Amino acid sequence: MTSMWTIGSVSASTWEPQRCRLEKQLQPHMELLCVAPARHVSADALRSEKVWIGIGKATASESHFVVLFHRLFSCCACIRKYVDAVYCVLPIVQNIRVETDVNRCTFLWRTVVKKYQLTSGAARSRYGDLFIERIKDPTGQVLQTLDSYYADACEHNLLFHEEVKTTHQEIWNYRDCIPLDIANMYTSRHVQTSILQNNLQFLCFTWNVGATLPNTARSLRNVLDVVWNADVVVVGLQEICQLSAMRLVQDGMEVQVWKDWVEKEVTGFNTSMHLLEVSHLVGMLMLVFVHDGLRRDITDIGVGNIGHGVGGIGGNKGAVAVRFSLQDETSVCIINAHMAAGQEGYIDRCKNFQHITTNMRLHDASVEGGGLSEKGVMAFAGSTLGSLGVKAEPLLKEVQDREQSQELLQSRSGLSTVSPPTPAPATASQTSWSVNDHTHVIWLGDTNSRLHWTEKLGGMPIDDAVKLVQESKFGELLALDQLNMMKRDGLAFGEYEEHPIRFLPSYKWRPDSNQMDMRSQKHVPAWCDRVLVRSTSNPPATISKYDVHLDLKQSDHRPVYALIGVPFDGVAPTTEEARHLDEYLDSEAGLPQLLPEPAQIFFEALKPDMSQEAVLRLAFEQSGFQGKCRWRSAVRPAEGGVMSTVTSTASGMVDPGRLDADSKALAHSLTCSPSDGVMDVSGGVEIRITANFIEHVFQRREAEAFLLLRLHFSPGKEATFHVPIRAQLEPSIMRLPLQALAGLGDMSLIDAAAACTGRQRALSSFMPTARKTSMLEELSPSNVEGMLPPKEVLNVLTWIIDQSNQARVGSFKWWPDPLTDSKTRESFNKVLVKVENGAVLDFSPEDVNEGVCVGGTQMILTWLQLLPDPVIGQHTLSLSAMDIPTAVRTMMGLSRGVLICLCAMLVVVMDRHGTCTDATRRCAACLTQLAIGHRSSLRGSTSNAGLHTSASLTSEAEKILEKVMAQLREDGQAFPPLSTLRSYSESFAEDLNAG
């Protein structure tokens, strides 16, 4: 039987004449490196066309591309003549993903990749934009060359997009042959922003106060101090009063008491903050404060509210909202909502979300009235109170009598009585907005999200919850959060983003105590109080800090706050204090001189995804004047990178492409907090700069960027300053391609990096040099090395299993809790250092007792998340719906080895020490890289039946894990599970022979 890789007796030189002939079809500055015959197959696999696939190089720019030629011939006068023509050209770049497998390759470039259902041939589904199959490439030269250049493009961050045509000038000469959506593609990896772009800082605070009054001994100061110069402060409160029948008709004094307390706290902390607008409905109250310097930019202020409580319209539950526009370009809507309560209210909460977003209207706050008429209020109150079983007439009469008594008292005391304004009639020209009309929507409040539990209507058994809380396993509780289920299932909050939760449940606590209240089944802990954001802009609004505030204890809820950066173009007008600088600035003294400390920021030993923080203090030289100025910052790459001997080529010349790529990557990885604000000229400001490098690093080298500071004192009075930022990048296994890591062999990463100093393509040198002559040789049962994952991963898995076997049954600490990342990070680093240096994983018993094995597990999960390509790819997921064993067999050898060995570790540890609630799901999410939204191409609209949601893909991957784990339990073998690895490889080899 002939292998798919050995077409008869075809040799490598068979296609050399064709290569020479086809090269003549290219322009003179284009070189064709290799070719092979293949078929271009349509997405539905119903049509195909014979083609030549070739890999080419532009001699001037050293850029590489894929070219497809029509494979046609004509017969004229008994002479067979080839008619070759170029009809498709694709650049080999990072933002056009390449997937190769045996004798086919797939190209993906759209943001949302469709799932194509095949109706002929193999009954399976697949993802992609361009499918090339049946490649007759016996030596693997074409696919190997394609793999190598694609890895090189990813290493150097090479992008192809319409905005910058200078990087691929030769390829742009074939514009008619470039697919239209590639020719018009914009870069999606690095969003370019102008120095004029600011992030306004919104500090948003939500608290269910439990029908209590403010405690004057407590303060908001600790929360407000999170960002002392916030541009906007939002305070949303729920249950400010008892939700009684009376309160549905008339407000009590609670509204004014809470309003006065909040206003005193905010304006007392920062005298530049002033109340912009208030929105209120029964027990819900929201106050929005803005900085003086921003007030002139705000227009079109609107307010709104909506009830969905008693009778579907009662205000005991519902939402209040405030909206405004920034310079008439960006609009912001802020919603404070109180949703249906109770474990059983999941569907009601989903309906609440739809009701609020669909039906709430916000009206111009400058238009008086706009509410219900007196008769309308009475009718509403009567129907609502009637649904409660309460007679409305006595209550309404009591309200009217009280109002008449107040008016009589005022007239007798000589006080003037101001009649309430007459409601303005609604006109066609009256401005109003819906929730989804806005650029940014900030949703805060008591979502009443509880913990899902399929086996019990009342939720997770309280005994189980108490046990997890006592063991501080809050991550297992968070995995059952209903709000995340709503998002995943597309029932609510589908377009909203939330910062990862790293804090204790906000409900349910004992009032005036530091203890959680878990006395009954109704008191299961939950993250009820949340802050989310929805944006339609690019870049979007982002949440940079998200936490619970435990100092305010008078309620059974603890308040939650978030710091949100909202993009804003332009500079806000200066404050009144800043305008007093005009006289000084117009004098001979000129602009004051900024003195940054330190003069240069340096990040030492910066590794991928291992964040570091530096503090920059800004102050002015003593100049004898008082006042404030508006400042903003932006990080920019250094021109030409930074010179480093480590990145020199063999000829001694520095690779400018590598330097520029590192500089851009460093700039992209830096964030400043705060990024803008108002600075006291006599005092200064402190900026925290965080570096989180997100590109792979194989060699030790340096990169440079700079912080651009722009100061605005008064109209026409501005100054610009630069602060250099340097980083020493250290090699790491994180984000390295799987093939490159396996290619290290017995050499440690640190030794391999040192051995490649001075080589231009050090990483590429560790990629496989050539494909084997036969795929059957690679899949041979004797070739155990080709089945196993890289030694770095295998050593950690083996070590975890050894520690599990030595631990007392049920006592082994090995599974990470998302809420204890800070504690796990130290153990994570200990394991990673030993792995990258090739050291033995020998830790003391104290380290093991303190959970160093948790750090090892976290290292494996993080490594899986950050691989350039997921272990379980799109092709495997599409096949798994039909047959899971077939899907696993068709995986690439290294990926299959990682999957099976990880499953073997889970089987050994969980069979001995018990299962973890979310172990298989989190592993599945990491294997598919959907845990961090890494694959944006897999995201799609839930309305499109042809697209998978991330949840369904994770579910498919979880089924694969469970199937493999069941097979491993049947085999009952030692680790590594060589028998299972061989069985999958032998089955695949038999399939190839049968083909």
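**Cysteines and aromatic rings in a predicted model**

Reply: At 0% relative accessibility, Cys 333 counts as buried (buried is under 20% relative accessible area, exposed over 50%, partly exposed in between, with a 1.4 Å probe and protein chains only). This is a predicted model, in which local features need pLDDT of at least 70 and side-chain atom pairs count only at pLDDT 80 or more, while totals for chains, interfaces and linings use all residues. Residues are numbered from 1 along each chain as its sequence is written, and side-chain values use heavy atoms, with hydrogens and water left out.

Me: How many disulfides does the structure hold?

Reply: A disulfide is a covalent bond between the sulfur atoms of two cysteines. With the criterion of a pair of cysteine sulfur atoms within 2.5 Å, the structure holds zero; Cys 20, for its part, is partly exposed at 33%.

Me: How many aromatic pairs does a search of the whole structure find?

Reply: Rings of Phe, Tyr and Trp (its six-membered ring) pair if their centres lie within 6.5 Å, and planes under 30 degrees apart count as stacked, over 60 as edge-to-face and the rest as tilted. The search finds 14 such pairs. In one of them, the rings of Trp 15 and Trp 52 have centres 5.7 Å apart and planes at 70°, so the pair is edge-to-face. Both Trp 15 and Trp 52 are buried.

Me: Which residue lies over the face of Trp 433?

Reply: A charge sits over a ring if NZ of Lys or CZ of Arg is within 6 Å of the ring centre and within 35 degrees of the ring normal. Arg 323 takes that place, at 4.0 Å from the ring centre of Trp 433.
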